[in-house]
Amino acid sequence: MNEVGFLGLGIMGKAMAMNLQNNGFNVTVWNRSQSKCDELVKHGISIGESPAAVIGKCKYTIAMLSDPEAALSVVFGKAGVLEEICNGKGYIDMSTVDAETSKKISEAIKSKGGCFLEAPVSGSKKPAEDGQLIILAAGEKALYDEMLPAFNVLGKKSYFLGLVGNGAKMKIVVNMIMGSMMNALSEGLELADRSGLDCHELLDVLDLGAIANPMFKLKGPAMIKNSYPPAFPLKHQQKDMRLALALGDQNAISMPVAAAANEAFKKARSMGFGDLDFSAVHESVRRYK
Ligand SMILES: NC(=O)C1=CN([C@@H]2O[C@H](COP(=O)(O)OP(=O)(O)OC[C@H]3O[C@@H](n4cnc5c(N)ncnc54)[C@H](OP(=O)(O)O)[C@@H]3O)[C@@H](O)[C@H]2O)C=CC1
Ligand SMILES: O=CCCC(=O)O
């Protein structure tokens, strides 16, 4: 297995496709905006004209797309995945979507004889560049086993979670927790600042105690400077909160903390911060001086 297709060259897709190419795979890419494909040609990566063209060329194709709408349109749209998927080919969707979207894609792929795996990831731009993602796969176990050489390049650990939908749900639960934590940090930084404390000292104290975590350590110093270079875009984190709340609705789980966090991400989006890092939710509580 060394010929791999890759659909979607955003922050994550570009890093993942490059990693595969740099580690012995021959990668063929497609992206909605052609310019992002052109950048990769100098690294020996090939370009497919459409999702269907990539599927036609490659036995295995990975997708890393923004949201459920994008994931569905690349599969069901004109010159989409379904036009070429067939017996003997595998489609691996690593986008963060809800379980229903993933199941819809799985059924369509299988109805054409293809194999399907969902495999969303934890870890952001840097772990994607460094091959340190955490892969949350579910679907056809045989395809999971065949994809392990690629997953071992992309990630530090892969999980096989069973039926399609379980990977999507695990990813959404993880991001719901992360989104709530980011809001707690934002409010804490603002409270410290406005009550006359040194925010760097707050970060030091947090880092020594029971709630120390890599995210506070990584994002905190930039947040103090009101700097939010996009690694995980805020609009995607808000999408994940929305999907988590829908999963909570389906299971009748009361989630007031997640609901409040979603409101803060929505507010930050409405303030124009959707394309910045999700730590820009800090701006929704920050006082402008
Ligand atoms: N960034 C991160 O830290 C992480 C992100 N994720 C998840 O991975 C996925 C990708 O994230 P990321 O790379 O950050 O996102 P980006 O916004 O950087 O990239 C999104 C990609 O989706 C494509 N796209 C969007 N809409 C459509 C459409 N209608 N049809 C076809 N293609 C479309 C974009 O194409 P175009 O270039 O033309 O706009 C681009 O290739 C998301 O589901 C996100 O939640 C998961 C883990 C970490
Ligand atoms: O979905 C994005 C996850 C970002 C991360 O795990 O750091």
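## Tour of the shell around ligand 1

The shell around ligand 1 is made up of eleven nonpolar, eleven polar and five charged residues (Ala, Val, Leu, Ile, Met, Phe, Trp, Tyr, Cys and Pro count as nonpolar, Asp, Glu, Lys and Arg as charged, and the others, Gly among them, as polar). This is a predicted model, in which local features need pLDDT of at least 70, side-chain atom pairs count only at pLDDT 80 or more, and totals for chains, interfaces and linings use all residues. Residues are numbered from 1 along each chain as its sequence is written, while chains are lettered from A and ligands numbered from 1 in the order in which they are written.

Select ligand 1 and the 27 residues that surround it, a residue being near a molecule if its C-beta atom, placed from the backbone, lies within 6 Å of it. The closest are G10, R32, A70, S124 and F232.

Next, select α1 (11-22) and α4 (68-76), the elements that give two or more residues to this shell. Helices are DSSP runs of H or I with at least four residues, numbered from the N terminus. With four residues, α4 gives the most.

Now colour by domain: domain 1 (3-163) and domain 2 (169-284), with bounds from an automatic or database domain assignment. Each gives at least three residues to the shell around ligand 1. Their centres, taken over C-alpha atoms, are 28 Å apart.

Where the domains touch, 13 residues of domain 1 are in contact with 14 of domain 2 (C-beta atoms, placed from the backbone, within 7 Å). The domain 1 side holds five nonpolar, four polar and four charged residues.

Finally, colour by pLDDT, the predictor's confidence in each residue from 0 to 100. The mean is 97, and 99% of residues reach 70 or more.

Note on methods
Two residues are in contact if their C-beta atoms, placed from the backbone, lie within 7 Å.
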